[in-house]
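Here are my notes on the model, point by point. Please read them with the coordinates open.

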Amino acid sequence: MKTQVAIIGGGPSGLLLSQILHLKGIQSVVLERQSRDYVLGRIRAGVLEQGLADMLRSAGVGDRMDQEGHLHGGFDIAHEGQRMRIDLSGLTGGKSVMVYGQTEVTLDLYNARDEMGGIVVDNAQNVIPHNLTSGTPYVTYEKEGVSHRLECDFIAGCDGFHGVSRQSIPEAVRQEYEKVYPFGWLGVLSETPPVSDELIYNHSERGFALCSMRSKSLSRYYVQCDINEDVENWSDDQFWEELKSRLPTETAAQLITGPSIEKSIAPLRSFVSEPLCYGRLFLAGDAGHIVPPTGAKGLNLAASDIHYLSTAFIQYYTEHSETKLREYSQTALKRIWKAMRFSWWMTTLLHRFPENSDFDRRIQKAELEYLFSSEVARKVLAENYVGLPY
Ligand code: APR
Ligand code: PHB
């Protein structure tokens with residue numbers, strides 16, 4: 001089999017890239033290790049920057065998002081019993097974020113690929129990129145016991161943090177940067193009305209808590225937990241009691257609890273691998289970088305990577321120029337590191353760090369009080385949260 005761009009990974013990055021290329025008449029094949037049900041069963045964040053929302057619309061997959069998603073013009077930060085609204089729209093000249101589950105984005109992309117006859121190979125096992133520094137790269141994989149070879153011009157590594165693509169770049173070429181945070185997030189999905197119309201990020205002495213949502217009847221809550229915590233140790237009642245203990249009193253009183261329909265723990269890390277390319281292999285999304293979920297930047301960084309990479313492929317196939325392909329890594333990393341910084345800053349601001357000294361804790365308190373007292377500080381937060389320009 002031959003294609004122009006072989007895409008390893010059928011998550012948001014790979015599917016969005018395939019969809020954009022298809023609309024420009026560029027062939028691609030997506031090779032996904034898991035089943036579609038498995039991919040669509042993953043619960044992920046749901047805050048879309050305007051740049052991603054616009055990309056989905058121009059890729060012809062924004063209709064359901066516009067019907068079922070909710071535009072948010074702000075969110076609250078709670079600290080020591082006070083709630084301060086960050087007026088995103090007022091502070092950014094009218095920008096907002098779209099609250100719409102990543103799972104829904106992925107489903108919309110799968111449906112669009114199917115409708116347009118896109119080739120997405122599910123359950124592709126042992127996917128291996130070959131000949132990366134030659135002009136004739138190819139990918140091998142197995143499906144139902146049959147071995148396949150996919151000839152291509154380029155390989156897009158969209159296979160996430162645990163994928164094969166980044167590992168295919170020689171260690172001597174890769175420079176990796178990592179910070180592992182000393183805690184995790186215990187998340188619960190519940191068919192209950194959200195405690196507030198907008199998100200609430202809570203800093204408390206007991207630890208961070210986040211009140212989010214997927215719709216007016218589906219809520220998503222998180223509490224910071226120990227890095228080695230076992231989700232089996234947390235009954236629903238224990239989760240709700242811990243969440244209430246971290247919220248301002250009046251917010252806790254308004255919380256409607258119910259049975260969890262999903263409960264899981266995620267570790268938090270900041271990670272970047274440089275460069276994002278090696279010969280004819282280009283990394284995008286979680287394959288190249290990971291952010292802690294605090295700033296809701298994971299999916300949004302994947303989107304800007306795909307914007308840059310798809311633009312580069314389109315230039316190659318329409319103008320026969322490799323300029324943007326050569327510049328992709330440097331261009332993408334500029335925006336990646338700014339989002340890395342913001343995600344680290346927001347995580348440091350809002351979480352309880354067990355090893356923090358008394359001085360560290362007072363600085364954290366001063367940072368929060370500065371944010372509560374300065375519109376300029378809130379403007380900086382707002383412009384990063386809605387998303388820096390591509
Ligand atoms: N071969 C084929 N597919 C693979 C392989 C492999 N060796 N390894 C991983 N995959 C698949 C995974 O099953 C997954 O479906 O690649 C896909 C990668 O998807 P994501 O991990 O969702 O990464 P990405 O598409 O970059 O999206 C980034 O999604 O995971 C969240 O927090 C992340 O919000 C961020 C966004
Ligand atoms: C979520 O709804 O899952 C969510 C929202 C905002 C975040 C992180 C997660 O910063």
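1. Start with C211. A disulfide needs two cysteine sulfur atoms within 2.5 Å. C211 also counts as buried, at 2% relative accessibility. Keep in mind that this is a predicted model.

2. How many disulfides does a search of the whole structure find? The count is zero. C158 is likewise in no disulfide, and the nearest cysteine sulfur, that of C152, lies 13 Å away. C158 counts as buried, with a relative accessibility of 7%.

3. Next, ligand 2. Its surroundings comprise 14 residues. The closest are Y201, S212, R214, Y222 and T294. Three of these deserve a look at atom level. A polar side-chain atom of S212 sits 2.6 Å from an oxygen atom of ligand 2. The side chain of Y222 places an N or O atom 2.6 Å from an oxygen atom of the ligand. T294 uses its backbone instead: a polar atom there is 2.8 Å from an oxygen atom of ligand 2.

4. How much of the accessible area of ligand 2 does the protein cover? On its own, ligand 2 has 290 Å² of accessible area, and the protein covers 100% of this. Two elements give two or more residues to the shell: β15 (209-215) and β16 (218-226). β15 gives the most, with three residues.

5. Composition of the ligand 2 shell. By class there are nine nonpolar residues, three polar and two charged. Both domains take part. Domain 1 (5-72 + 96-177 + 269-347) and domain 2 (182-268 + 353-386) each provide at least three residues of the shell around ligand 2.

6. Which residues come nearest to ligand 1? They are S13, E32, R42, R44 and Q102, out of 23 residues around this ligand. A polar side-chain atom of S13 lies 2.7 Å from an oxygen atom of ligand 1. Backbone atoms also feature. R33 has a backbone N or O atom 3.1 Å from a nitrogen atom of the ligand. For D286, a backbone N or O atom is 3.0 Å from an oxygen atom of ligand 1.

7. Cover and make-up at ligand 1. The ligand has 700 Å² of accessible area on its own, of which the protein covers 90%. Two helices, α1 (12-23) and α9 (298-319), each supply at least two residues of the shell around ligand 1. The shell divides into eight nonpolar, nine polar and six charged residues.

8. Last, S190. This residue lies in strand β13, which runs over residues 175-190. Is S190 buried or exposed? S190 is buried, because its relative accessible area is 0%, and the cut-off for buried is under 20%. Its side chain has a polar partner: S190 makes a side-chain to side-chain polar contact with T192, at 2.7 Å.

Conventions:
Residues are numbered from 1 along each chain as its sequence is written. Chains are lettered from A and ligands numbered from 1 in the order in which they are written. This is a predicted model: local features need pLDDT of at least 70, side-chain atom pairs count only at pLDDT 80 or more; totals for chains, interfaces and linings use all residues. Side-chain values use heavy atoms; hydrogens and water are left out. A residue is near a molecule or strand if one of its heavy atoms lies within 4 Å of it. A polar contact is a pair of N or O atoms within 3.5 Å; within protein, one must be able to donate a hydrogen and the other to accept it, and residues adjacent in sequence count only if both atoms are side-chain atoms. Accessible areas come from the Shrake-Rupley method with a 1.4 Å probe; for residues, only the protein chains shown count as cover. Helices (H or I, at least four residues) and strands (E, at least two) are DSSP runs, numbered from the N terminus. Ala, Val, Leu, Ile, Met, Phe, Trp, Tyr, Cys and Pro count as nonpolar, Asp, Glu, Lys and Arg as charged, and the others, Gly among them, as polar. Domain bounds come from an automatic or database domain assignment. Buried means under 20% relative accessible area, exposed over 50%, partly exposed in between (1.4 Å probe, protein chains only).
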